[in-house]
Amino acid sequence: MQPDTTLAKTGRGPAPGGRPGQPGQSAPPDARIMDIGYRRYDGERLGRSYARRSLFEHSLRGAYGLGRSARSKVLPFLFFAIVATPALVVVAVAVTVGLDELPVDYARYAVFMQPVIGLFLALAAPQMVSLDLRFHTVPLYFSRPIERVDYVAAKLSALTTALILFTGAPVLIMYIGALLAKMDFADQTRGLAEGLAVTVVFSAMHAAIALLVASFTPRRGFGVAAVIAVLTIPYFAATAVQFVAYDQGNDTLAQVLGLFSPGTLIDGLQGMLFTDATDFPGNLAPEGAVAAAYPLVIVGLTVLCCALMLRRYRKAGI
């Protein structure tokens, strides 16, 4: 009887309870251990802080389109040029004419440029969180030594820093121009400190609001529209009702209504603390008990948005 060479060619052996070469009977292939070059990692384990810092750097660069295509850099830097142009014009006028003081207060610059800053914010916030939801990278982040509080802290810090750079750079340009125009050093330095303080508060609160809104949609376009709506609709509604209250002689109600939108909150805060001037009807600045409510509402709103974001990312598999 001739041996069955078919089994030798295919690597098959006789099945249990069967005979070699019997139709429909085959044994599992031979098991082999192959060395494909994988090596165990013996280097330093950088841990949670490194992962958090890396996520912060990646998110900050993404806000300005760095590390992405050239098209992704156009809008962020275009908005930056737009927000910085008035500061350059103010500097040119101050140096040429020889003004004794700047026509725009440092603390009011962020309020003055709110529409452009809002567009940049609406562009950057969905870039940071909406795309992570769309491409399901959040579970990958949480599979590393990083927790949801690290994710939220890194994203919030990155967007806040991006806004501080975006809004603070024009304020610094104005300060340099004021010194070149030989304005009083002490007055200008104090004004710069006030302007940077407003910039930090403005950036932290708006970053928390924008990230919370963007974290509820995986679609970047929807995120952009939602952030713009949340920032603009309450502002115009509060401002319109403020003018109605002012026309009826109710100044206190006009000040209270400033608590109901992010833009009027920052305007009222800087007017109360630094400039005594706002865009409220009648150029009113908050006074008395209403004035004390402005910083409390700002802090409370920022903390609430952070808490809601932590709740949003409670499950890593979203």
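Trainee: How many Å does helix α7 reach from its first C-alpha to its last?
Mentor: Keep in mind that this is a predicted model. Helix α7 covers residues 148-180, which gives it 33 residues. At 1.5 Å a residue you'd expect 48 Å, and the helix comes close to that. From first C-alpha to last, α7 reaches 47 Å.

Trainee: Are α9 and α11 parallel or oblique to each other?
Mentor: The axes of α9 (residues 220-247) and α11 (residues 262-275) come within 7 Å and cross at roughly 60 degrees. From α9, the contact is made by Leu231, Tyr235, Thr239 and Gln242, and from α11 by Pro262, Gly263 and Thr264. Those residues split into three nonpolar, four polar and no charged. As for the angle, roughly parallel would need under 35 degrees, so the two helices are oblique.

Trainee: Is Gln255 buried or exposed?
Mentor: Gln255 sits in helix α10, residues 251-257. Leaving aside neighbours within four places in sequence, Gln255 is in contact with Ala285, Pro286, Glu287, Val290 and Tyr294. The cut-off for buried is under 20% relative accessible area. Gln255 has 7% relative accessibility, so it counts as buried.

Definitions and conventions
Residues numbered from 1 in each chain as written. Predicted model: local features only at pLDDT ≥ 70, side-chain atom pairs only at ≥ 80, totals over all residues. Heavy atoms only, no water. Helix = DSSP H or I, 4+ residues; strand = E, 2+ residues; numbered from the N terminus. Expected span 1.5 Å × (residues − 1). Axes fitted to C-alpha atoms, helices over the stretch in contact; angles between N-to-C directions. Parallel < 35°, antiparallel > 145°, perpendicular 65-115°, else oblique. Contact = heavy atoms within 4.5 Å. Nonpolar A, V, L, I, M, F, W, Y, C, P; charged D, E, K, R; others polar. Buried < 20%, exposed > 50% of the residue type's maximum accessible area, 1.4 Å probe, protein only.
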